[in-house]
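Me: Hi! I have a structure open and would like to talk it through with you. Can we take it bit by bit?

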Amino acid sequence: MVPYIIRRLFIAIPVLLGVTVVNFIIINMAPGNPVEMFVDPNTSQELINLRKEQLGLNDPLWVQFFHWLGNLFQGNLGYSFSTYEPVTKIILERVGPTFQLTILALIVGLLIAVPIGIISAVKQYSKLDYFATGTSFLGISIPHFFMGLGLIYIFAVQLQWLPAGGIATLGREDDFFDKVRHLILPVLVLATGIAGQYVRYVRASLLEVLGQDYLRTARAKGLKEIVITNKHALKNALIPIITIIGLEIPFLLGGAVITEQVFQWPGMGQLTIQSIMSRDYPTLMALNLLTAFMVLFANLFTDILYSFVDPRIKYK
């Protein structure tokens, strides 16, 4: 196992380098520049050029990239063009809220999807199966921004049960229950889409396993159906689900962009939107690098989980 992990880590280095090159080119191809985004329209061109020179924006693109790469190897992600704070500090402040939101949403979504998917597979072609399948398609189809605005209107504006956005009420930042109230709506929006997607995955995977010969043998031995489903079938059915979950986590972080913007959640999604609008190149590069790293880590973590779920899989 250890040699396999070391090989995967060495493979990740050129992949990350390639991702940074592509991201750097695409980011710098976007129209506009950070200086012109913040200066007064009446500012002279001489002052604009001076500021661009100070930020290194007048250098050739390859010079800017190697300057950024050299700082990266020294553990320095640079300084934000919009706030002039260290990018590392900005991202560390945003990572916690995003992970808190997305991991909770993933857990809630799976707690809903797995039981419903199992029941839907066991009761195939029943009214319950049709209802579960139809509801899952509905959960996938509703856009996050639309559902978010609808929940805000109902629970925050009309009923006034829950806050409309933010991470905590001003002056109550240490109140645990206040934070939970702020989490409910954004977690519900993300979890609905996750549950709708995974109900179909669990159902399809379990249906494939339920038709296997070894389960017919278990039934012939007189084992109860609940034992066959939960102990024997579900474990094998989870193997493809683990793949999907492992690949879903980094994309879930990216998908939280809309939800964080709707609920004004101070996470990486909201930071991404702000960085794009302000052409904050160092922050965007750091966010893209972090996302690429999480994708590679999720793939490695998924492969490792295989060996625990399926004893036939061994890594050397």
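**A chat about the helices and cores**

Reply: Happy to. Let's begin with a loop: Q264 sits between α10 and α11. One thing to keep in mind is that this is a predicted model.

Me: What is the phi of Q264 like?

Reply: Positive, at about 50 degrees, although Q264 is not a glycine. Most residues other than glycine have a negative phi.

Me: And how exposed is Q264?

Reply: Q264 has a relative accessible area of 44%, so it counts as partly exposed.

Me: Moving on to α11, which of its residues are buried?

Reply: In α11, which covers residues 268-278, those are M268, G269, Q270, L271, S275 and S278. Just after that helix comes R279, with a positive phi of about 55 degrees.

Me: New topic. How do α5 and α6 pack?

Reply: Helix α5 (residues 87-122) and helix α6 (residues 127-141) have axes 8 Å apart, at an angle of about 140 degrees. An angle over 145 would be needed for roughly antiparallel, so the two helices count as oblique to each other. Their crossing is left-handed.

Me: Which residues meet there?

Reply: From α5 you have I116, I119 and S120, and they meet L128, D129, A132 and T133 of α6. By type, the contact has four nonpolar residues, two polar and one charged.

Me: What about Y125, where is that?

Reply: Y125 is in the loop that links α5 and α6. Its phi is positive too, near 65 degrees.

Me: Is Y125 buried or exposed?

Reply: Exposed, because its relative accessibility is 58% and the cut-off for exposed is over 50%.

Me: Let's go inside. Which residues touch the most other members of the largest nonpolar core?

Reply: That core has 28 residues, and the ones you want are L101, Y198, L206, L210, L215, A233 and I245. At least two residues come from each of α5, α8, α9 and α10. Helix α8 gives the largest share, with 11 residues.

Me: Which residues does L215 contact, sequence neighbours within four places aside?

Reply: L215 is in contact with V209, L210, I228, H232 and A233. Apart from this core there is another one, of 15 residues, including F24 and Y281.

Me: Last one: Q64. Buried or exposed?

Reply: Buried, because its relative accessibility is 15%, and buried means under 20%. Q64 belongs to helix α4. Leaving out neighbours within four places in sequence, Q64 contacts F24, N28, G56, L57 and D59.

Key: Residues are numbered from 1 along each chain as its sequence is written. This is a predicted model: local features need pLDDT of at least 70, side-chain atom pairs count only at pLDDT 80 or more; totals for chains, interfaces and linings use all residues. Side-chain values use heavy atoms; hydrogens and water are left out. Helices (H or I, at least four residues) and strands (E, at least two) are DSSP runs, numbered from the N terminus. Buried means under 20% relative accessible area, exposed over 50%, partly exposed in between (1.4 Å probe, protein chains only). Contact means heavy atoms within 4.5 Å. Axes are lines fitted to C-alpha atoms, for helices over the stretch in contact, and angles run from 0 to 180 degrees between N-to-C directions. Angles under 35 degrees count as roughly parallel, over 145 as roughly antiparallel, 65 to 115 as roughly perpendicular and the rest as oblique. A crossing is left-handed if the near helix is turned anticlockwise from the far one by less than a right angle, and right-handed if clockwise. Ala, Val, Leu, Ile, Met, Phe, Trp, Tyr, Cys and Pro count as nonpolar, Asp, Glu, Lys and Arg as charged, and the others, Gly among them, as polar. A nonpolar core is a set of buried Ala, Val, Leu, Ile, Met, Phe, Trp, Tyr and Cys residues joined through side-chain atoms within 4.5 Å.
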